[in-house]
Amino acid sequence: MVSKSKRIVALLLTAMMAATAFAGCGGGETTTSSTGSTESTTSTTESTTESTTESTTEASAQVSAMDLDAPDILQKIKDQMAQEAAATKNEIKMTLWCSGDDFKFEKDLVEKFKEKYKDDRYTFNIKVSGAIGEDSAGGKIVESPQDGADVFNFADDQLSKLVEAKAIAPVGQIFQNNVIANNTADSVAVCSMNGTPYAFPKTSDNGYFLYYDKRVFPTEADVASMEEMIKKAHEQNKGVYFNIGNAWYNTGFYFAAGVEITYKDGVQKGNFDSDAGFKAAKAMCELAKSQGAGFEGTDGSLGDNAAVSQGFNDGKLAAAVIGTWVGPAIKKAIGVQNVGAAKLPTVMMDGAETQIHSFGGYKLIGANAFSKYTVTAQALAYFLSSPECQFERYQVRGLIPTSTWALDQEYEDETTKTKIVVKEDPALKAIQAQQPYAHPQGQSVGGKYWDSNVAGFGGEIVTAKGNLSDDKIKSSLKNLQSQMD
């Protein structure tokens, strides 16, 4: 389904690549150090991406995707799979980690993968686990890569640690040009370090924005101000959901106030004990005063996804700050024609309307450097991130593709019988509108940040309904500062 103009199927090129393509699938020659980590030396015979968007854009313009479905190429991949399987009694036994929300969909894709690469010389035994999602997969792999999944989904901010730990295999040479040519330049750049691509782009929506009910907020002006939204929602016995008891979400207030939060070379910094930090906390306190009266600032015991889905379904929510993964549930709850999406609203902060910031990024797929099935793991990771699977993921899960081909597609929604144009998706436009105020996670936060009391302090604000003294706020911010230093 990828444009033929981006395919190279000539027998000459096939012959040229055959000798070198598979050598790169596991990242080249691998040696094991005394600590058990692997060091990979990759071939330089193929083009690789640069770590900056500019150089990646140049690379994208210079490479063309290869037809990996060409019979001779497909056969060579199967031959390599057969060689791997021979070492384990002709059984390819692997594990895929994904989020619980994606479990059924990813499991169905794995069945399609098994059908595509089936061969009499081996059998597939691929376990799909939804217990370890994108938010924690990278950390789990780094802790013990030998015990981790062969293929895993993860958020882009985890890539640097995976590469440092030599726990993720570089993208195999046979797949590199396809990854570069088929995806947006920004997503390819995010997947690369020091000129080497290490992951497969999956979605471009690892961030949050505003979903809302257009029957409650009929115009864009109605969703411009958080305070006005809360007031209007309360008038209709509904609420606006923004979980400020969750660090991923409440950090947007600190960014908006001007708090500088950085993560570089394993060092976490953040000037919370400052005028900017105080302004952010006070703004959250003011919102929390409306808790239960037009504002919902916590997920209770449900978790954000379930809380938002149930809230719209029960008619208790009129808007929510969340991501695309809950989009299908919201559409089902209130009807696709009633769903609106926009950048985050402004909030009153120190007497001025201030745009709320956010995190923004990508979700990726990686192949474990310690997998026994190097080629098969790479092939599965590529398959799951292929343009066709990205398009299907959008149709079923509502997740925004990184594939330029998928972004150009349109189709008829089976339920509403309406024409859907991917690039016209309101969620995609909302993400683009929020982009100037979105911060890359990998450059801002690391494990130390999530382990701090950023979330706990936000939860405390909600529980107290914003009734915290200035001294208490300053004390909590000083505590956060100490956790960063």
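**Notebook: helix pairs and buried residues**

**Entry 1: H7 and H14.** I began with two helices in this predicted model: helix H7 (residues 173–182) packs with helix H14 (residues 374–384) at an angle of about 15°, and their axes are 11 Å apart. I took helices as DSSP runs of H or I with at least four residues and strands as runs of E with at least two, numbered from the N terminus. The axes are lines fitted to C-alpha atoms, for helices over the stretch in contact, and the angles run from 0 to 180 degrees between N-to-C directions. H7 and H14 are therefore roughly parallel to each other; angles under 35 degrees count as roughly parallel, over 145 as roughly antiparallel, 65 to 115 as roughly perpendicular and the rest as oblique. I noted that H7 and H14 cross in a left-handed way. A crossing is left-handed if the near helix is turned anticlockwise from the far one by less than a right angle, and right-handed if clockwise. On the H7 side I found Phe175, Asn178, Val179 and Asn182 making the contact, and on the H14 side Gln378, Ala379 and Tyr382. Contact here means heavy atoms within 4.5 Å.

**Entry 2: ground rules.** I kept a note that residues are numbered from 1 along each chain as its sequence is written, and that side-chain values use heavy atoms, with hydrogens and water left out. For this predicted model, local features need pLDDT of at least 70, side-chain atom pairs count only at pLDDT 80 or more, and totals for chains, interfaces and linings use all residues.

**Entry 3: confidence.** How far can I trust the coordinates? The pLDDT, the predictor's confidence in each residue from 0 to 100, averages 88 over the protein, and 87% of the residues score at least 70. Residues 1–24 stay under 50, and the model has 45 contacts for them beyond four places in sequence. Over residues 26–59 the pLDDT is also below 50, with 68 contacts beyond near neighbours in sequence. Where pLDDT is low, the predicted coordinates should not be read in detail.

**Entry 4: the whole protein.** I counted up 21 helices and 22 strands. Buried residues make up 54% of the 485 residues; buried means under 20% relative accessible area, exposed over 50%, and partly exposed in between (1.4 Å probe, protein chains only). Among contacts between residues at least 6 apart in sequence, 75% join residues at least 24 apart.

**Entry 5: H12 and H13.** Helix H12 (residues 304–313) and helix H13 (residues 327–334) pack at about 15°, with axes 8 Å apart. That makes H12 roughly parallel to H13. Their crossing is right-handed. I saw Val308, Ser309, Phe312 and Asn313 of H12 meet Ala329, Ile330, Ala333 and Ile334 of H13.

**Entry 6: Phe253.** Is Phe253 buried or exposed? It counts as buried, at 0% relative accessibility, and it lies in helix H10 (residues 247–257). Not counting residues up to four places away in sequence, its contacts include Phe242, Ala280, Met284, Leu287 and Ile356.

**Entry 7: Ser444.** Ser444 lies in helix H18 (residues 441–444) and is buried at 5% relative accessibility. Ser444 and Thr262 are 182 residues apart in sequence, yet 4.1 Å apart in space, C-alpha to C-alpha. Beyond four places in sequence, Ser444 touches Thr262 and others, among them Phe255, Tyr263 and His439.

**Entry 8: cysteines.** I searched the whole structure for disulfides (cysteine sulfur atoms within 2.5 Å) and found zero. Cys98 is buried at 0% relative accessible area, and Cys191 is buried at 1%.
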